[in-house]
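Hello,

Here is the structure I promised to pass on to you. Have a look at it first, and then read on for what turned up in it.

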Amino acid sequence: MRFRATAALLAATLTPLMLSAPAAHAATPAAPYDFNGDGRRDLAIGAPGATVGGKARAGAVSVVYGSASGLKPSSYKLITQNTTAIPGTAGTDDAFGSSLASADLNRDGYADLVVGAPGEDEADTNDGTIVIVWGSKSGLSGGRTLVNHNQRENDRYGKAVAAGDFTGDGMPEIATGSTGRFELNFVSGPFTRTGDFSGGGNGGSFAYGSRPLAASYGIEYLSTGDVMGRGFDQLVVHGRLEGTDDAVTSLVDGSIGNFTDWLVDLPAGYVSAVGDIDRDGHADIAVGNHRETSADPAGAKGGKVTVVYGGPDGRDPDRAPLVLTQATAGVPGTAETADAFGSGVSLGDINGDGYADLAIGASGESTGAAATTGSVTVLYGSASGLKLSGATSYTQNTAGVPGADEKSDRFGGRTSLLDHSGDRRAELTVSAPGENSGDGGVWSLRGTTTGPTTSGAVSFGPATTGVSTSGTPGFGSRLGG
């Protein structure tokens, strides 16, 4: 295990704003993505390339609600910046829906949705903005713009978002990624529908660390979970190495005032997921790096995923990371150039045994005569960690999976493992952002005691949930959860 302390760090401490009375708190906050409080997780689908009100690439988010039978595409909420009571106005290249996160921010018993629009023009071009959309018994409605404490120092605010308790104070925070001088910022709760953001916040730069990040790329992806077993969340932060476009990934403890003075190096990748694979009370981290070694020295032929087991100080020093490629014994398939294995990763309990399972997308996988059709591989958790036996793989050619493999579908571009039915087993949800020449699509397979089943699999595209198919909406470019 290696710890990295940054030197001569540029950090900002932000002064809390005027206090306002917090909303009444629910006895138990809702689980993330349970927007209507029915005990079933809902699915947020980003389409940042969607045309809205004639504005190309303005962006949209579709939320499909869960039901006893899993996702129910006929029960959905379309959210754009032209939606009634949602702040802002849809504009060309806003890319609303580029990032998604969820938590019960106002502690009312309903999860809320956080949406990034990094292309939004505020005081300047590409300032970016973040919108909170409020949950309720009837689902999502109404919203407000999240304050940007460092607007002068960053651009493309909302390039990445995460939500959780990052400081251990029992209150939620929103972590935001951007480009510019201060790439990572926290906005502290309590969060209310109106009034000031009374909790303040802080931010910092990674530009002077032992692995300095390129400010032009900024923070590109965030995931979160209780890796250290302390009862609150830590952040997995993804950026690019200064002077290159190689990935850099770190674990951040937001409870430290100058959080950039304490970083744990993680295997370099572009996406990640956090969940407790071995049920030891420390969440584990799966880092996806879809690139070839010729493009990123930390990559692999066909791409790879590295599982880092969590411990009290971040990484468990007694357990070596588990490196997975399609050349790993027990992993279906063959490692081939440009498979993009690791393009999407997610952790959740598919079979209800209490151990988090891992879904890995390989959006560049070629099946049959078609190129970049894509696939998804599922591996299962256990008391000893991730198992390399019993893994299964799915494509659009798998019996029972709707549709057919077509060139450039990119099935597996993103994956999600959330319990949409309330049976304590996660559904395997997969997106193919390239489906139908860039329209995009989403597939969901029910979880069972033996893993995902294709029986009753659900598939739908942007038009089903009200997203325009003009241009290339890229429906499913982001999946919440």
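Two residues are in contact when they have heavy atoms within 4.5 Å of each other. Please keep in mind that this is a predicted model.

With that in hand, how much of the contact in the protein chain joins residues at least 24 apart? Among contacts between residues at least 6 apart in sequence, the share is 57%.

Now the overall build. The protein chain has one helix and 32 strands. Its C-alpha trace spans about 60 × 50 × 45 Å along the principal axes. For 481 residues, a compact globule would have a radius of gyration near 23 Å, and the 20 Å of the protein chain agrees with that. Of the 481 residues, 61% are buried. The accessible surface comes to about 16,700 Å², and carbon and sulfur atoms account for 49% of it. As for charges, there are 33 positive and 52 negative ones, and their mean positions lie 2 Å apart.

Next, the inside. The largest nonpolar core has 21 residues, and those touching the most other members are Val307, Leu324, Leu358 and Leu386. Strand 18 (271-275), strand 20 (304-308), strand 23 (322-324), strand 24 (341-348) and strand 25 (357-362) each give two or more residues to this core.

How values were computed: Residues are numbered from 1 along each chain as its sequence is written. This is a predicted model: local features need pLDDT of at least 70, side-chain atom pairs count only at pLDDT 80 or more; totals for chains, interfaces and linings use all residues. Side-chain values use heavy atoms; hydrogens and water are left out. Helices (H or I, at least four residues) and strands (E, at least two) are DSSP runs, numbered from the N terminus. The radius of gyration is taken over C-alpha atoms; the globule rule is 2.2 Å times the number of residues to the power 0.38. Buried means under 20% relative accessible area, exposed over 50%, partly exposed in between (1.4 Å probe, protein chains only). Accessible areas come from the Shrake-Rupley method with a 1.4 Å probe; for residues, only the protein chains shown count as cover. Lys and Arg count as positive and Asp and Glu as negative; His and the chain ends are not counted. The place of a charge is taken as NZ of Lys, CZ of Arg, CG of Asp or CD of Glu. A nonpolar core is a set of buried Ala, Val, Leu, Ile, Met, Phe, Trp, Tyr and Cys residues joined through side-chain atoms within 4.5 Å.
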